[in-house]
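Here are my notes on the structure, written as numbered points. Please read them with the sequence and the model side by side.

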Amino acid sequence: MPSEDHSGEGHASEGNAGEEGPRWPPQERFPLNLKEPLSQERSTGREGSREERSVGETVRKIYRGSGRFLAVTAFTSLEHLLSFFGENPASGENPPLGENPAGERQIDIVLGSEPSPATGGLYESTRPVAQQARDYWLRRGVSVLSGGGALRLLRAVEEGQVRFHAAGNLHAKIYVGDGAAVLGSSNFSRQGMAEQQEANARFEAGSGRYRELRTIAERYLEGAEDRTEEIASLIRDLLRPVTWQEALARGAAEILEGDWTDRYPEAFRLLQEEDLWPHQERAIAQGLWILDTRGSVLVADATGSGKTRIGTHLLYGLLNRLWAQGQVHRTDATVVCPPQVTGEWEREIRRSEAAEVSAISHGMLSQGRNAEAEREEVRQANVLFLDEAHNYLSRTSKRSKAITTSASDYSALLTATPINRGTGDLLRMIELLGLDNLSDREFRAYKELQEKASLTAGDERQLREIVRQCTIRRTKQDLNQIVSRRPEGYAREDGTVYRFPEHNCRTYRTGETARDKRLAEEIGELAEELRGLQWLRKFKAPPWTLGNAKKEKALVERRVKGADGLSTHVIRRALQSSKAALLEIVYGTEKAAEMIGLEEGLKTKSGDFLSAVGELLEDPPEEKSNLEEARPPSWLTEGPEETEGLEETVETERRTLREIGQKARELSEARTQARAEKIREIAQEEPLVLAFGAKPLTLHALRDCLQGGSGEGSGGAGDTSGAGDTSSDSSGGSSGDSPSNSSGDSSSNFWREVVVADGSMPAGRRQSVREKLGLGGSEQTNVGPGGEGKEGLVALCSDAMSEGLNLQRASSVVLLDTPSVIRIAEQRVGRIDRMDSPHEEIDVWWPADSRPFQSARRGLLIERYNANERLLGNNIDLPDAIGGEDEIFSEEGRRRASATALIEKYEAHQETGPEHRLGDAFRPVRELVGLASPG
């Protein structure tokens, strides 16, 4: 008689030795859920060929070969039982006789309990198993996809082929058929039969172990109570005939309105004490599902909706779920986030005891003493979360390269603006989500589209479809609709309801004098003459274009054309910002600060185009070119004497820059004073005033003006006549009198503390500013009564402070310049435009620049390519794509963009979201049933 007591050692060792190293034991002895490489002799030759091993397939073979089948499992296995009998009917064709000579299968299922560490939850050991099972499944329901299996199972029960039994305090997992039996950890569920790492042993009929295991199962069956009629009644209650319309509606409702938290109980038991909003709970559960099915998720909810909190709890839930599944080896997690929110992530991370998680400032990936160590940590992480993921859309920065080399099993991207520049961003977003998470079909499509010079509308739709399947996205309008449907989930203690406030977009006079306008026109004309030499110091072609004369020539033309347009744009943007910013572009930070009498210098140095252009003589572009078939233009080389050469080109450029610098010095301080007066006016009513500007030197000059009076130059704002239609705000109210009428006494008696918050602050000062803003050490970032920040504060912020910080106690934000990219405006306003704002309305003040100071449409188009790498001086490479945009250099590109036009565009974005064509993973289901909102 065969015996398995000791025969396994030699048998199991087969394949464990040899050149290939240790291998898993055979599936017929130890049923496991694995994806294993095919052995060499079985491989088809295709790299990466794999075979799947599942416990479910082993149990299915035992079932199909048996006349009598006995299963001992947990009551939570019911849904898998329905699916199983849908595919494997009890009354199969020609069932084996085995021990049942009647010719039909006899199936006994013993349902045991499902222990859980949670108390007072679903699994209460004091209640009978049958009652627990009934309540559990009536609450949960079954998937409409299991309907066929339920009908087949019910028929088999009514015909006496399947019997159900219930036993308390039973946690065994045993499956016994005529030819073999399985004992182990696998529950009769999708996870236990196919997905989770399990350990089971299989024993052949005729062996001593088989007889002993069958005896154990039959003893459990004898001790269980018959519950066949109760289970049949439960199945009937779960099923009832409906029309196809109702079936479709119920299926859609299960996806769109079902209690997603019940799908991931092991994650949400740990979060049940958290005060999460309903849309956050659903995003976490749906995010876990997308991570399960795709391996990566993009959370693209609107700014101010609590994405950081969703991210921290999604990470928390994922790690604890991996722990619960015994996958501790996959819980090495890293979060990369903007420096100003690193502390918030660290606070949330400390609340989890599941694993060690690192929160890294994205600045640490590109600079600092530990940059390489931080990049290595990102590369090694099993779980990678990227907060404000739009910061990685550029492929060339060090931090983006560090992210690209990550080999994480799971990744999550959080950003309100995943797409800023069109199809190029779609390709990059797919890369960030992980190319290894694509199906074969999707990967082929990505490779084909990546190699195209330009993409069609159909190509773009294909890319969006790939991104959509990983996306969770709700606009502000969607979220407010969710609040309206479930106000109880958003109620404050005082009975009011959290929701996004209404926007009042207003304009304020910028106060430039008639002479300022004339000088601005002249500066704009001079800017058109610039060639942008500081961006033409080298001509480096990528390896795949070298030696191709046509492609090399096109690269040179694009770079020359792009530098020309970019130089004009940078001058105009600085002119719009302030006199100080324009002087900085020409002369550099230190000299500009000295010219305007700045009381406190800046840590960051920028600008100084004069010096940058002069460096071309010492380091000619031709010497830094790798071109083989093309050359830089003759005016950038030492050409024949009769043509313009490099030396003459440089001198002409420097002469133009000096003229711009001279005219910049003649500008008055009226625009700075007008901004200061608007801030003083708002400060009379608000405990905190926020003002955002792109140029740090502008912020420092405005600080001195607020603290010291009228500033350098004139004693007032001067003549404001002819400033355009700026006398009223967009809501119909008055913008107030000209600043020249009231700037004197109010400035000298200004009682507010003024702080500058930008990326150039040293660590000590940065911490001081954060504490004054209420960001010192708490999750709550309110200012004033009930908050931690200082009242009577004016914060002048650069765009480095426009991500991740919550300052919702303020109800007004002043834009010191007109953001050329709507995303920048949304990020700035997003500091106060939040769901937990205490205000029903907020005011957004836009500068009503006169025409010479307005942004050109050219600038708006250029900054689409620079939405993530800000143009500060000459320290970044020129985006080659700019030179290929014909619209930038057309007459349309020269048109001005008024404050009214930009406000209309901004308000439209509040309705549709920043990228209305980007759907989310559940959009097809909503469209199928005629729903527009994800709520």
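1. I begin with E465, which is partly exposed because its relative accessible area is 36%, a value that lies between the 20% and 50% cut-offs. The model is a predicted one, and it should be read as such throughout. The side chain of E465 meets that of R468 in a salt bridge, with 2.5 Å from N to O. R468, by contrast, counts as buried because its relative accessibility is 10%. Both residues belong to helix α18 (residues 457-468), and because they are 3 residues apart there, about one helical turn separates them.

2. Side chains of opposite charge can pair when their charged atoms come close. How many salt bridges does the structure hold? There are 32 salt bridges in the structure, and among them is the one in which the side chains of D849 and R671 meet at 2.9 Å, N to O. D849 is found in the loop between β21 (841-848) and β22 (855-856), whereas R671 is in helix α26, so this pair ties together parts that lie 178 residues apart in sequence. D849 is buried, with a relative accessible area of 5%, and R671 also counts as buried, at 8% relative accessibility.

3. Another salt bridge joins R828 and D817, whose closest N and O atoms are 3.0 Å apart. R828 lies in helix α30 (residues 822-829) and D817 in the loop between β20 (812-815) and α30, so the pair ties together parts 11 residues apart in sequence. Are these two residues buried or exposed? R828 counts as buried at 1% relative accessibility, and D817 is buried as well, with a relative accessible area of 2%. Elsewhere, R68, R214 and E218 are linked in a network of salt bridges.

4. Turning to the aromatic rings, a search of the whole structure finds 8 aromatic pairs. Y63 counts as buried at 1% relative accessibility, and F69 counts as buried at 4%. The rings of F443 and Y446 have centres 6.3 Å apart and planes at 35°, so that pair is described as tilted. F443 and Y446 both lie in helix α17 (residues 440-450), where they are 3 residues apart, or about one turn of the helix. F443 is partly exposed at 35% relative accessibility, whereas Y446 is buried at 2%. Y63 and F69 also belong to one aromatic cluster, together with F84, Y175 and F188.

5. On the surface, W244, L248 and L928 form a nonpolar patch, with about 350 Å² of accessible area together. L248 lies in helix α9 (residues 244-256), and it counts as partly exposed because its relative accessibility is 32%.

6. Finally, P687 is found in the loop between α26 (670-683) and β17 (688-692). P687 is partly exposed, with a relative accessible area of 22%. The C-alpha atoms of P687 and A810 are separated by 7.1 Å, although these residues are 123 residues apart along the chain.

Note on methods. Residues are numbered from 1 along each chain as its sequence is written. This is a predicted model: local features need pLDDT of at least 70, side-chain atom pairs count only at pLDDT 80 or more; totals for chains, interfaces and linings use all residues. Side-chain values use heavy atoms; hydrogens and water are left out. Patches are made of residues with over 30% relative accessible area and no salt bridge: like charges are joined within 9 Å, nonpolar side chains (Val, Leu, Ile, Met, Phe, Trp, Tyr) within 5 Å. Accessible areas come from the Shrake-Rupley method with a 1.4 Å probe; for residues, only the protein chains shown count as cover. A salt bridge is a side-chain nitrogen of Lys or Arg within 4 Å of a carboxyl oxygen of Asp or Glu. Helices (H or I, at least four residues) and strands (E, at least two) are DSSP runs, numbered from the N terminus. Buried means under 20% relative accessible area, exposed over 50%, partly exposed in between (1.4 Å probe, protein chains only). Rings of Phe, Tyr and Trp (its six-membered ring) pair if their centres lie within 6.5 Å; planes under 30 degrees apart count as stacked, over 60 as edge-to-face and the rest as tilted.
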